[in-house]
Amino acid sequence: MIIKRGECEELERCLRSLDGIVSEVVAVVDPAPMDGDRTDEILAAHGAKEVLLSWPKDYSAARNESLRHTTADWVLVIDTDEYIREFNVDESVLDSDIYRVTRENEYTEEDKAMLGIERITRFFRNGLFHYEGKVHEQVVSDTGEPYSAKDICITLGHTGYVDRTHMLEKSVLYRDLLCQMIKEEGDDPYLYFQIGRTYYVEKNYKEAADSFEKAIEAGADTKDEYVESLIETYGYCLLELGRSKEALALTGFDEYEDSADYHFLNGLIYMNNAGFDKAVSEFETATSCKKVAVSGTDSYAAYYNCGVIYEVLGDTERAADYYRRAGDYPPAVTGLSRL
């Protein structure tokens, strides 16, 4: 762990979730004191190994310092605002050196509680990997060889996106570090993607779209895991900016055939271009996909949009059927009462 002081409630929740699961906790902490902070006390109560390191303005440097003090055979990287929801690992059957865990991100959108699901590389064999990048750090093999991480049955809860004010503060911090990295290292599609995400969080869709375009121009490759998120977020930016015709270029990627989120985006793009038959087909496809990151794209939100399309077309019977399929989703309930 690398820890920011002043997040005592989150830290206690995180450490409680690790009790009985891990053999040691290594926590890198900035030694600068903070009034009322109980970080040292909490770590001691859970038997954590505390490593003091003045904040280097480099997340990878802090991560790598924690790895230098880790003695266990396997490493699980976790942040203060995360906690274990599920841990089902049988070490005797592990057949890879590195794995992706599931992270469930809680956040709010227009005062509605939402859940985003993603796979992130956080579990690996000790002594074979390190981190690179000042921010949005990436796990890199010590040999420099590429690797393919497998999925493992570990689920983290994450509440760092619930407080929007706090999220916006982090967004500005991250963007400054990312821009510094580009100055030092040159154009990099992943860095432009992450800069675009910071603008998207702030709902600055114009700057976000510009950054995503730079990522594409810099050589973003659909083989890289982050590119699906790049395409989807770029698509939402274009729709927000009223550039729906341009968004048509983002449809039809076979690489994301199993993604509910991608088909849902395609449905919105066709819907905004009056391609209603194609839109319904994409929304229907989304409901049969097993891979889903944003709750609702594979169910109630997709059915609701189909209902909207048929209501606009005057087919109230089909519209009502889709609104009912959306269950208690408030906009669908409203649509049904309107019919």
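**Helix packing and selected buried sites**

Helices H6 and H7 are oblique to each other (angles under 35 degrees count as roughly parallel, over 145 as roughly antiparallel, 65 to 115 as roughly perpendicular, and the rest as oblique). The structure is a predicted model, in which local features need pLDDT of at least 70 and side-chain atom pairs count only at pLDDT 80 or more, while totals for chains, interfaces and linings use all residues. Residues are numbered from 1 along each chain as its sequence is written, and side-chain values use heavy atoms, with hydrogens and water left out.

H6 spans residues 205-217 and H7 spans residues 226-240 (helices, H or I, have at least four residues and strands, E, at least two; both are DSSP runs numbered from the N terminus). The two helices pack at an angle of about 140 degrees, and their axes lie 9 Å apart (axes are lines fitted to C-alpha atoms, for helices over the stretch in contact; angles run from 0 to 180 degrees between N-to-C directions). On the H6 side, the contact is made by Tyr205, Ala208, Ala209, Phe212, Glu213, Ala215 and Ile216 (contact means heavy atoms within 4.5 Å). H7 contributes Leu230, Thr233, Tyr234, Cys237 and Glu240. By class, the contact of H6 with H7 holds 9 nonpolar, 1 polar and 2 charged residues (Ala, Val, Leu, Ile, Met, Phe, Trp, Tyr, Cys and Pro count as nonpolar; Asp, Glu, Lys and Arg as charged; the others, Gly among them, as polar).

Two further helix pairs were examined. H4 (residues 164-185) packs with H5 (residues 189-201) at about 155 degrees, with axes 9 Å apart. H4 and H5 are therefore roughly antiparallel. In H4, the residues that meet H5 are Arg164, Met167, Leu168, Ser171, Tyr174, Arg175, Leu178, Cys179, Met181, Ile182 and Glu185. Their partners in H5 are Leu191, Tyr192, Gln194, Ile195, Thr198, Tyr199 and Val201. The contact of H4 with H5 divides into 12 nonpolar, 3 polar and 3 charged residues.

H9 (residues 260-272) and H10 (residues 276-286) pack at about 165 degrees. Their axes are 8 Å apart. This pair is also roughly antiparallel. H9 supplies Ala260, His263, Phe264, Asn266, Gly267, Leu268, Tyr270 and Met271 to the contact. H10 supplies Phe276, Lys278, Ala279, Glu282, Phe283, Thr285 and Ala286. The classes here are 9 nonpolar, 4 polar and 2 charged.

Helix H1 covers residues 8-18, of which Cys8, Leu11, Cys14, Leu15, Ser17 and Leu18 are buried (buried means under 20% relative accessible area, exposed over 50%, partly exposed in between; 1.4 Å probe, protein chains only). The cover over these buried residues includes strand E1 (2-3), helix H2 (39-45), strand E4 (74-76) and strand E5 (82-87). Glycine 20 follows H1 and has a positive phi, near 80 degrees.

Aspartate 79 sits in the loop between E4 and E5. Its relative accessibility is 16%, so aspartate 79 counts as buried. The side chain of aspartate 79 makes a polar contact, at 2.9 Å, with the side chain of arginine 63 (a polar contact is a pair of N or O atoms within 3.5 Å; within protein, one must be able to donate a hydrogen and the other to accept it, and residues adjacent in sequence count only if both atoms are side-chain atoms). With neighbours within four places in sequence set aside, aspartate 79 is in contact with Met1, Cys14, Arg63 and Arg122. Cys14 is one of the buried residues of H1.

Aspartate 58 is buried, at 18% relative accessible area. Its side chain reaches the backbone nitrogen of alanine 61 at 3.0 Å. Not counting residues up to four places away in sequence, aspartate 58 touches Gly133 and Lys134.

Isoleucine 154 belongs to strand E10 (residues 150-161). The residue is buried, with a relative accessible area of 0%. Beyond its neighbours within four places in sequence, isoleucine 154 contacts Ile84, Glu86, Phe87, Val89, Val101, Thr102 and Phe123. Glycine 242 is 88 residues away from isoleucine 154 in sequence, and 40 Å away in space, C-alpha to C-alpha.

Valine 312 is found in helix H11 (residues 300-312). With a relative accessible area of 63%, valine 312 is exposed. Valine 312 and glycine 186 are 126 residues apart along the chain, and 49 Å separates their C-alpha atoms.
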